[in-house]
Amino acid sequence: MKCVQFFINYYGIAPVEIIYELYKLRVKDTIDEMITMLWSMPVDIVESCIFSMDRLGLQDWPKDDPIYSSRGLFIHSPLLEDGEFEYLLDRQMDKEFYIPSVQQIEEICSVGYEASSLAYKKLETFFMRKMDMPHEHAVTWCLQVWANSYEGEAQTN
């Protein structure tokens, strides 16, 4: 479930093979066993589904492109509304997928961002020392900075 949570927050659309790269960091099942497990999970919980390239009209997609998958694309279902799928697919085109470590997945799923990364430690320290914020507020602001950068926003209200 943490792999699915990471997928939703970081990818939105990914080849099944990429999801397997995350999954096999912890579980030593085969890709087919993982696919069976994904199909058996309630859609209202994972809010994601596997679609074949043919079903998406992407059967002619270049096989050497990072988004191509012979097994299908795992897609976060809300992206299929309002043209978001096409927008994100266009943004991901030709870009390699980031594969985090198990520890990074754990941290991102529990805290919401990579709190132990050097950049966020420095930012948290800046908020506490230079802005005189208590630790809880500094953590909240770090999470807000991550959320804004993730969403592509330049500033908060």
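User: Which residue in E3 is the bridge partner of Cys49?

Analyst: Ile75 is the bridge partner of Cys49 in E3. Keep in mind that this is a predicted model.

User: How many bridges do E2 and E3 share, and in which sense do they pair?

Analyst: Strand E2 (residues 48–51) and strand E3 (residues 73–76) are joined by four bridges, in the antiparallel sense. Further along, Phe51 stands opposite Leu73 of E3.

User: Which way do the E2 residues point, and are they buried or exposed?

Analyst: Ser48 and Ile50 point one way, Cys49 and Phe51 the other way. All of these are buried. In a regular strand, side chains alternate between the two faces of the sheet.

User: What is the strand order in the sheet?

Analyst: The order is E1-E3-E2, an open sheet of three strands with antiparallel pairing. E1 (13–15) and E2 are the edge strands, each pairing on one side only. On average, neighbouring strands are turned by 25 degrees against each other, direction ignored.

User: Which helix packs on the sheet?

Analyst: Helix H2 (residues 16–23) does, touching E1, E2 and E3. The direction of H2 makes about 85 degrees with that of E1.

User: Switching to H7. How far apart are the end C-alpha atoms?

Analyst: They are 16 Å apart. H7 covers residues 118–129, so at 1.5 Å a residue its twelve residues should span 16 Å, and the two values agree.

User: Which residues of H7 are buried?

Analyst: Tyr120, Glu124 and Phe127 are the buried ones. They cover an arc of only 60 degrees around the axis, so they lie on the same side of H7. An α-helix has 3.6 residues a turn, so residues three or four places apart point the same way.

User: And which exposed residues does the face turned away from the buried side carry?

Analyst: That face of H7 carries Leu118, Ala119, Lys122 and Arg129.

User: Is Cys109 buried or exposed? What about Cys142, buried or exposed?

Analyst: Cys109 has 15% relative accessibility, so it counts as buried. Cys142 is at 0% and therefore also counts as buried.

User: Last topic, backbone angles. What is the phi of Glu47?

Analyst: Positive, at about 50 degrees, although Glu47 is not a glycine. Most residues other than glycine have a negative phi. Glu47 sits in the loop between helix H4 (43–46) and E2. With a relative accessible area of 37%, Glu47 is partly exposed.

User: Where is Asp94, and what is its phi?

Analyst: Asp94 is in the loop between helix H5 (84–92) and helix H6 (102–111). Its phi is positive too, about 70 degrees, and Asp94 is not a glycine.

User: Is Asp94 buried or exposed?

Analyst: Exposed, because its relative accessibility is 57% and the cut-off for exposed is over 50%.

Key
Residues are numbered from 1 along each chain as its sequence is written. This is a predicted model: local features need pLDDT of at least 70, side-chain atom pairs count only at pLDDT 80 or more; totals for chains, interfaces and linings use all residues. Side-chain values use heavy atoms; hydrogens and water are left out. Helices (H or I, at least four residues) and strands (E, at least two) are DSSP runs, numbered from the N terminus. The expected span of a helix is 1.5 Å times one less than its number of residues. Buried means under 20% relative accessible area, exposed over 50%, partly exposed in between (1.4 Å probe, protein chains only). The arc is that of the directions from the helix axis to the C-beta atoms. Two strands pair if DSSP finds at least two bridges between them. Axes are lines fitted to C-alpha atoms, for helices over the stretch in contact, and angles run from 0 to 180 degrees between N-to-C directions. Contact means heavy atoms within 4.5 Å.
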